[in-house]
Amino acid sequence: MATTLEKTINVAVAGNPNSGKTTIFNNLTGARQRVGNYPGVTVEWKKGTHRRGDIKLDLIDLPGTYSLTAFSEEELVARDYLLNSSPDVVVNVVDASNLERNLFLTTELLEIGCPLVLVLNMTDVARDRGLGIDIARLAEKLGVPVVPAIGNKGVGMDEVVEAVMQVAVSQASLPGPAGLCRESGPGLASLAAVEKRGGPARVHYGSEVEKVIREIEHILPESDSRRWQAVKLVAGDDKVIDQMVAPGAREAVTGLAARFADSSIDEPDILLARLRYEFISGICQGVLRAPASDLITTSDRIDRIAMHPVWGVPIFLTLMYMVFTLTFSLGNPLMDLIDIGFGKLSGLVSGLWTLGSTSPLRSLIVDGIIGGVGGVIVFLPNIVLLFMAIAILEGTGYMARAAFVMDRFMSKVGLHGKSFIPLLIGFGCTVPAIMATRTLESRRDRLITMMVLPLMSCGARLPIYALLIPAFFPARLQGPALWLIYVTGILLALGGAHFLRATLFRGETTPFLMELPPYRMPTAGSLLVQMWTRAWLYLKKAGTVILGAAIILWFLTYYPKPSADYVLPAGFDNTTAAEATKFSEITDPNVEQAAELSYSIAGRVGRLIEPAIAPLGFDWRIGTALVGAIAAKEVFVAQMGIVFAVGEADETSDQLRAQLRHRYSPLIGFCIMLFALISTPCIATFAITRQEAGSIKWAFAQTFGLTALAWVVTFLVYQGGLLLGLGGA
Amino acid sequence: MPLTMVNEGNKAVLLSIEGGRQLRSRLAALGLLPGAELEVIQNSGQGPFVVAVKGSRIVIGRGMAARIAVE
């Protein structure tokens with residue numbers, strides 16, 4: 001019944017990066033997604049809905065932008081959406097503590113003809129800084145409803161929704177359901193003020209400029225955004241010319257713009273920007289009461305230390321070190337609990353069959369499914385803790401400082417300080433990190449960053465280290481070993497970027513430009529939401545891709561079965577005699593199991609590549625597991641579990657570790673981690689690289705380049721280690 | 001003089017930006033345009049700059065700072 005009466009309002013949420021736009025969007029939609037504190041975190045726009053009675057708001061979260069020029073992909077996305085999809089209402093979120101700069105975008109939104117609701121966010125921060133804002137007056141001067149809000153405390157959300165509905169009603173896109181919109185409430189005082197004004201304000205550029213704008217407007221076809229187009233054309237925006245001006249009219253338009261440019265002392269774009277700011281100053285007059293002097297904020301004081309030319313880097317590295325140490329020391333007890341739980345489950349399920357049963361179904365369920373998925377879920381505490389740490393770094397605003405601190409080094413290898421942000425996200429997962437390279441303006445910077453990104457050790461590789469490090473290294477060396485792996489990845493990424501910059505991607509670097517958001521105390525709620533979102537994604541991956549991969553791999557390791565007169569290859573296992581043995585003659589069940597594996601498809605693939613990986617110290621078992629890791633890095637662990645423990649009812653990591661310790665030296669253990677770190681990225685990375693780079697060529701280049709690099713580096717480490725006498729147990 | 005010459009804690013007025021329209025527009029949207037008053041928050045002699053302009057803190061790479069003229 002409700003669905004037939006339901007009315008939909010399309011709402012776009014727009015605003016500057018760091019304005020708290022995504023928080024407002026989350027509050028309204030309840031969508032679970034990331035909220036960052038550095039420029040460009042919301043590269044993807046996200047959709048969600050909000051219901052109020054029989055009205056449905058369809059919300060879209062546009063990328064954070066400072067203006068609607070076409071400088072970056074975010075701006076283009078936002079601008080194209082506003083122009084082409086004509087949302088019913090645009091919710092423009094502005095940072096109340098930084099009003100003038102934020103209103104720059106607002107004036108463009110007004111010019112483009114969007115029905116606006118201005119959300120004055122972070123009014124608490126503004127008040128703490130001694131800023132006073134006369135909301136009713138601001139609404140009157142801008143001619144749009146203004147709603148005060150505190151996004152991270154959820155204050156003002158009802159009023160935002162009501163203002164949106166009122167604007168939608170006044171746009172006549174909906175008949176006015178009188179009972180729905182309450183006429184009171186603190187945020188709605190401004191609506192009355194808006195009506196007093198009559199319509200939205202628009203920037204007046206002065207008679208001379210207005211004349212050119214009008215002339216150009218006459219040439220352009222009728223549309224709501226015609227004035228905005230004309231203004232952009234005066235400013236010389238080529239993209240607008242390409243997209244919106246009919247070929248026949250181009251000459252006339254560019255002629256007018258060029259004539260104006262010649263007659264103007266300033267560059268037209270600068271002139272228009274200045275006039276826009278003058279208009280904003282006019283708006284702010286009598287609205288904004290600012291303290292007499294620029295105060296040095298607490299953020300500045302923290303930055304004196306966090307961004308210190310000498311101390312900044314050690315502070316950053318120390319923070320990273322703490323993150324990784326904490327990930328392990330807090331995560332391990334929880335992991336043990338999960339491990340015990342899965343062990344119990346395996347035992348329980350195994351009990352359904354008679355003791356010593358060789359039923360393939362039992363093996364599939366216990367070894368393939370429970371073993372495979374359990375081997376992944378066991379690392380959830382580590383993943384969650386790492387994501388928590390990244391969420392804190394993002395939420396507090398430290399991420400942007402890290403980019404600043406690292407720019408000195410990044411620019412040395414020919415990358416942007418900003419490239420550092422995707423690289424850092426790469427510690428969580430390579431896939432969103434590759435998507436985050438969109439914040440880089442130049443395609444060259446993007447491609448270089450994408451190519452080296454898989455070297456930043458992602459969360460999915462953590463299970464591999466978590467399995468191997470305790471297997472081979474004493475407790476005091478576990479933290480340092482993990483740290484060494486991560487640092488190796490970072491150094492290789494930087495070296496690789498330098499190499500690419502000097503060879504494939506030569507040319508000038510794009511300028512480094514970024515806003516430093518003030519430090520903020522992230523709310524526990526938002527951290528938990530972020531942590532949960534990521535943990536959920538990981539679990540979903542465990543339930544789908546990894547479960548599927550585990551079953552396929554189980555099949556590959558289980559079939560085909562050798563026949564009784566199958567003759568084992570000579571020296572197939574160090575526990576068998578050198579002379580040929582028939583399969584039926586094996587008495588030791590462990591050897592029988594190993595022989596079956598060796599005979600299976602996976603074993604054959606592993607053997608096939610064994611000559612290639614033998615110089616790295618790897619045998620066919622590791623080769624088999626590495627092939628599995630292509631599906632998803634953490635599958636390596638599940639695969640190792642199957643390779644070593646098929647037929648075992650109780651498959652705990654400790655047993656697997658004992659097997660590993662028995663068979664390989666710590667040097668080989670380290671080489672496995674090194675190879676897993678550097679080599680072939682997972683299928684998902686391959687797919688996203690293809691998508692983001694716009695060509696499968698780059699995805700292949702990444703895969704083969706990294707695999708070759710992995711081979712060379714591991715070869716050097718293994719052979720070097722042997723020469724140094726590190727080959728023993 | 002270029003922005004790179006301004007010491008920490010000093011104020012300056014932006015005069016001109018040597019660069020293309022896109023760069024100028026981007027800077028303008030951040031509040032950095034001719035006539036804007038800014039304060040150098042950090043200039044350590046190497047690495048990027050931090051300036052305060054219109055109530056926000058903007059990081060500017062050293063290369064770009066050299067192309068911004070101030071007085």
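Colleague: What does the domain assignment of chain A give?

Modeller: Keep in mind that this is a predicted model. The assignment gives domain 1 (2–197), domain 2 (207–289) and domain 3 (317–509 + 517–560 + 600–723) of chain A.

Colleague: And how many helices and strands are there in chain A?

Modeller: Chain A has 32 helices and nine strands. Of its 729 residues, 50% count as buried.

Colleague: OK, domains 1 and 2 of chain A. How many residues are in contact there?

Modeller: On the domain 1 side 19 residues, touching 16 residues of domain 2 of chain A. Helix 4, strand 6 (132–133) and helix 6 (135–142) of chain A each put at least two residues into the domain 1 side.

Colleague: Which element gives the largest share of that side?

Modeller: Helix 4 of chain A, with seven residues. By class, the domain 1 side that touches domain 2 of chain A splits into 10 nonpolar, four polar and five charged residues.

Colleague: Let's stay with helix 4 of chain A. At what angle do its axis and that of helix 13 of chain A cross?

Modeller: Roughly 120 degrees, and the axes of helix 4 (residues 99–112) and helix 13 (residues 268–284) of chain A come within 10 Å. The crossing of these two helices of chain A is right-handed.

Colleague: Which residues make the contact?

Modeller: From helix 4 of chain A, A:Leu99, A:Glu100, A:Leu103, A:Phe104 and A:Thr107; from helix 13 of chain A, A:Arg276, A:Phe279, A:Ile280, A:Ile283 and A:Cys284. That contact between helix 4 and helix 13 of chain A has seven nonpolar, one polar and two charged residues.

Colleague: You mentioned strand 9 of chain A. In which sense does it pair with strand 4 of chain B, parallel or antiparallel?

Modeller: Antiparallel: strand 9 of chain A and strand 4 (residues 56–60) of chain B pair over four bridges.

Colleague: And what stands opposite A:Leu516?

Modeller: That would be B:Arg57, in strand 4 of chain B.

Definitions and conventions
Residues numbered from 1 in each chain as written. Chains lettered and ligands numbered in written order. Predicted model: local features only at pLDDT ≥ 70, side-chain atom pairs only at ≥ 80, totals over all residues. Axes fitted to C-alpha atoms, helices over the stretch in contact; angles between N-to-C directions. Left-handed = near helix turned anticlockwise from the far one by under 90°. Contact = placed C-beta atoms within 7 Å. Nonpolar A, V, L, I, M, F, W, Y, C, P; charged D, E, K, R; others polar. Pairing = 2+ DSSP bridges. Buried ≥ 20, exposed ≤ 12 C-beta atoms within 10 Å, placed from the backbone. Domains from an automatic or database assignment.
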